[in-house]
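Dear colleague,

Please find the structure below, handed over for your records.

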Amino acid sequence: ISLDVVSKMDNGYHAMKMVMQSVDLCDELRVSVNSGSGNVKVTTNRVYLPGGNKNSAGKAAELFMSSVGITDADVTVDIRKKIPVCAGMAGGSADAAAVLRALNTLFETRLDERALEIMGEKLGSGDGVGSGFDAECAQEQRKRAISIKIKHAINFRIVELLYERGK
């Protein structure tokens with residue numbers, strides 16, 4: 001709903017304040033685990049999207065497995081994209097968060113939400129995965145991905161157009 005770039009941080013990312021609202025649009029993911037040697041495979045219905053660890057979902061799977069010490073299993077993630085790609089709607093971040101949750105369930109590791117958020121934050125501020133765990137309206141200050149739920153979200157529509165008049 002809003003985005004304010006506050007400053008540039010030492011790591012090259014920008015500190016931001018945002019208000020975000022979840023929408024009724026999602027990708028479909030199938031996450032499967034088989035015995036193996038720690039390989040991660042990601043497939044999508046969009047030929048131009050990367051697979052493996054070049055995809056946010058693949059990065060999330062690899063991070064999860066290394067963080068909890070799983071080396072004897074292979075993970076396959078099949079993504080059916082419905083969220084527009086590169087539209088600023090956090091589709092890749094939501095997919096990565098979904099993979100972390102799915103693997104937590106499949107491997108029965110019982111990590112709590114905060115542990116998964118911290119894991120998601122390790123994927124990088126650019127991915128914004130920490131906010132992918134919030135299913136409601138949230139205000140987020142992106143320096144260390146602090147997310148605060150807004151209890152009373154208002155149902156509204158906003159269209160913001162910015163243009164520069166010719167001189």
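Two strands are taken to pair if DSSP finds at least two bridges between them; helices (H or I, at least four residues) and strands (E, at least two) are DSSP runs, numbered from the N terminus. The model is a predicted one, in which local features need pLDDT of at least 70 and side-chain atom pairs count only at pLDDT 80 or more, while totals for chains, interfaces and linings use all residues. Residues are numbered from 1 along each chain as its sequence is written, and side-chain values use heavy atoms, with hydrogens and water left out.

The sheet is open and has three strands in the order S3-S5-S4, with mixed pairing. Strands S3 (28-35) and S4 (40-44) each have a single partner strand and stand at the edges, so one side of each lacks a neighbour in the sheet. From one strand to the next, the twist averages 15° (axes are lines fitted to C-alpha atoms, for helices over the stretch in contact, and angles run from 0 to 180 degrees between N-to-C directions).

Five bridges join S4 to S5 (residues 73-80) in the parallel sense; Val-77 in S5 is the bridge partner of Val-42. Helix H1 (residues 56-68) packs on the sheet and touches S4 and S5, its direction making about 160° with that of S4; contact means heavy atoms within 4.5 Å. Helix H2 (residues 91-106) also packs on the sheet, touching S3 and S5, at about 40° to the direction of S3.

Phe-64 is buried, with a relative accessible area of 0% (buried means under 20%, exposed over 50%, partly exposed in between, with a 1.4 Å probe and protein chains only).

Yours sincerely
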